[in-house]
Amino acid sequence: MQTVPFSPDQASSFAGEVDALYGFLWALTIGVGSVLTLLILYFAVKYRRRIEDEIPRPVRASHRLEAIWVGVPFVVAMGIFFWGAGMYYRMYRPPEEAIDIYVVGKQWMWKFQHLDGHREINELHVPVGRKVKLTMTTEDVIHSFFVPAFRVKMDVVPGKYSTIWFEPKKAGRYHLFCAEYCGTSHSGMIGWVDVMEAPEYQAWLSGGAGGSLAATGEQLFQQLACNTCHKSDGSGRGPVLQGVFGKPVQLANGQRVTADEAYVRESITNPKSKVVAGYEAIMPTFQGQVSEEQLLQLIAYIRSLANVQGPASAGAGATGTQPAKPQ
Ligand code: CUA
C-alpha cells in the first residue's frame, strides 16, 4: 500500500526545528480544540434547563480562574512568539562562512551562478553539510524561491536582493518551486536542488566552468569602460573600488553606508543616489544596459577586490581612515 507522506523530507538543518514548531502548534490546536469541545458538550448536558421556569443560581466571578485563563494563554502565546522569532532570525541572517550562489528568477525559470563560473538553469548543485547562501533577484516580476525539503522560502523581488541560507543535511534531489503566482507558466517554474556528497561535489565543480564569476565580471567591467574612471591607482574620476566591498563608505551627503550587494547594484543602476564623498555625480546610469545576471557578475568582481589593497589615501573616504560619524 502506498503511504501518503505527512511532510516533505527533512533535508536541511532547519527542517527539524520548523517541524517541531509546526508540530507543537498542531498539537496545541488539536488539544485545546478537543478540550473545549468536550467541555461544551459536558456543560450543555450538565447545566441543561430541566423545568420550564427554572432560574439559574447567580454566579460569582472568580479572580483566580480569570487570572488562569488570561495568564496561561499569554505565556503559551509568548512562548510561540519567541520560539518562532528566534528561528526567524537564524533563518534570515546568513552566516559569514556560507558558500555564495547568485540566483536570478525570470518568467519562467531559475538561473543560478556559482562563484567559480558554473551556471545552471532550474538545477542547483550544492554540497551536503555545508552552509549555502543565496543572493536572489528577478528580471521581471516577483517570484518566490521555495524548497519544501529545506523548509526555506523567500520572495524574490525586482530591483533588490533578498537572501536565504540553508545547510543541506541529506544528499539527494529535492524539488524547487516558485511559490508566488507569476504568470501563465508559474506552475512550470520548478526545478531541482541536487545535494551531493563532498567528493561528488568536488568532481562536479572541477567539470569545466569557464572563467570564475569575478573574471567574467572583470571582462564586463572593461567592456563597459568602467575602468577608465574607476582606476586602481586613485587617479580616476570615480572612486577606487579595491578594498571597498563590505566596508563602510562615506557619502557626499554625510551619510555612511556599507558597500554591500545592494549598494553596488544601486551605484550601477542609479549612480546619483549615493555619491561617494569627494567625487562628482558624473557617472551615467547603466540601467537597461546590463542584465541582472551581469549586475551580479560585476558585483562578484568588485567583491573579489575586497581584500586587494587600494591606494587607501586616494580613496577619498571610501576606504582607509574613516572620518568621524556625522550627526
Ligand atoms: Cu515565478 Cu511563480
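A salt bridge here is a side-chain nitrogen of Lys or Arg within 4 Å of a carboxyl oxygen of Asp or Glu. Select K111, R119, E139 and E293 to start: salt bridges link these residues in a network. The model is a predicted one, and by this rule it has 14 salt bridges.

Next, select K170 and D9. Their closest N and O atoms are 3.5 Å apart, and the two form a salt bridge. K170 sits in the loop between β8 (162-166) and β9 (172-178), while D9 is in the segment before α1 (13-46), so the pair ties together parts that are 161 residues apart in sequence.

Now move to R265 and E292. Which helices does this pair tie together? The side chains meet in a salt bridge at 2.5 Å, N to O. R265 belongs to helix α5 (residues 261-269) and E292 to helix α6 (residues 292-304), so the contact joins parts that are 27 residues apart in sequence. Are these two residues buried or exposed? Both R265 and E292 are buried, which means under 20% relative accessible area.

Last, select K274 and E266. Their side chains meet in a salt bridge, with 2.6 Å from N to O. K274 counts as partly exposed at 25% relative accessibility, and E266 is partly exposed with a relative accessible area of 25%.

Key. Residues numbered from 1 in each chain as written. Predicted model: local features only at pLDDT ≥ 70, side-chain atom pairs only at ≥ 80, totals over all residues. Heavy atoms only, no water. Helix = DSSP H or I, 4+ residues; strand = E, 2+ residues; numbered from the N terminus. Buried < 20%, exposed > 50% of the residue type's maximum accessible area, 1.4 Å probe, protein only.
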